[in-house]
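Hi,

Here is the structure I promised to hand over. Have a look first, and my notes follow below.

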Amino acid sequence: MASNNNNTNNGQSLTHQLLSRAHSPDSTNRIFADKIQHRPLLLKPTSPPPSSNARDARRRSRVEKRQRAKALKPKPLSARQRRKLGLYDIPKDGQKYAIFEPLNQLWLGYAREILGGELYGGGQGAAAKLSAADFHGAEVEVSRSSCPSRVGIRGIVIKDARFVFEVITAKNQIKTVPKEGTVFRINVSPPQDQVRENATAQDQKPFTFEIHGDQFQYRSADRANKKFKPHYLENL
């Protein structure tokens, strides 16, 4: 008991000394009695939160981390912004037919690979494969069109869009041909090594097929997963 009383007296004397530096003795006694004496001292705990709150803290940390990563990740450009920046435009020095001839050779190899043995026979199987094929690099020719001035346009496809084919002609001209009301003819020649080994007239003939643009108004990426069903067409 004596030690507790000594500690209390020491505490009071220290408090009085600090208050007496700024206040008179009467004010010191009054402030000590009203605001300090018998008042609890609240201390903020420094220990970690309980386990129940630790899970919420980890969850908030993960959410904040994802939000920061998302904020730092650049947003993809919209189609309007890409067009405004000219990302789809071919520069003048690149508008040459000779530049796209190797692309046409690659497409011919791609077409022969997907056709397989149907390269010489055709049929429904070949039609289904070609409907889902990509025509970037194919050499197309307008055989029929609702606009007579388009008939005869021939070139390599440099852009297979949803509603148009952009082709580059042998005269180094880029032409945009709408698919609507237009029929395109494409030839796939057989491999040269097979032509030398099998000297038959049937093997030397190219595989020729036509695309009806009215039924082909899809992007190449969308056609890859689309199943085309045969049906009657009034305009044929």
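**What I found**

Val 188 sits across from Phe 207 of strand 6. That pair belongs to the antiparallel pairing of strand 5 with strand 6, which runs over six bridges. Strands and helices here are DSSP runs (E, at least two residues, for strands; H or I, at least four, for helices), numbered from the N terminus, and two strands count as paired if DSSP finds at least two bridges between them.

Before going on, the ground rules: this is a predicted model, with local features needing pLDDT of at least 70 and side-chain atom pairs counting only at pLDDT 80 or more, while totals for chains, interfaces and linings use all residues. Residues are numbered from 1 along each chain as its sequence is written, and side-chain values use heavy atoms, with hydrogens and water left out.

Six strands form an open sheet in the order 4-3-2-1-5-6, with antiparallel pairing. Strand 4 (174-178) and strand 6 are its edges, each pairing on one side only. On average, neighbouring strands are turned by 40 degrees against each other, direction ignored. Helix 5 packs on this sheet and touches strand 1, strand 2, strand 3, strand 5 and strand 6; its direction makes about 80 degrees with that of strand 5. Contact means heavy atoms within 4.5 Å, and the angles run from 0 to 180 degrees between N-to-C directions, with axes fitted to C-alpha atoms (for helices, over the stretch in contact).

**The cores**

Which residues have the most contacts inside the largest nonpolar core? They are Trp 107, Phe 135, Val 188, Phe 207 and Phe 209, in a core of 24 residues. Helix 5 (97-115), helix 6 (124-131), strand 1 (139-145), strand 3 (164-168), strand 5 (182-188) and strand 6 (207-212) each supply at least two of its residues, and helix 5 gives the most, with four. A nonpolar core is a set of buried Ala, Val, Leu, Ile, Met, Phe, Trp, Tyr and Cys residues joined through side-chain atoms within 4.5 Å; buried means under 20% relative accessible area, exposed over 50%, partly exposed in between (1.4 Å probe, protein chains only).

Leaving out residues up to four places away in sequence, Trp 107 touches Asp 134, Phe 135, His 136, Gly 137, Ala 138, Ile 186, Val 188 and Phe 209. Another core of five residues lies apart from the largest one, and includes Phe 100, Ile 156, Ile 158 and Ile 168.

In helix 6, Ala 126, Leu 130 and Ser 131 are buried. They cover an arc of only 130 degrees around the axis, so they are on the same side of helix 6; the arc is taken from the directions from the helix axis to the C-beta atoms. These buried residues pack against helix 5, strand 6 and helix 9 (220-223), whereas Gln 124 and Ala 128, on the other side, are exposed.

Helix 2 buries Ser 27, Thr 28, Ile 31 and Phe 32. Its buried residues fall within an arc of 130 degrees, so they line one face of the helix. Pro 25 and Asp 26 are exposed on the other side. After helix 2 comes His 38, with a positive phi near 60 degrees.

Cheers
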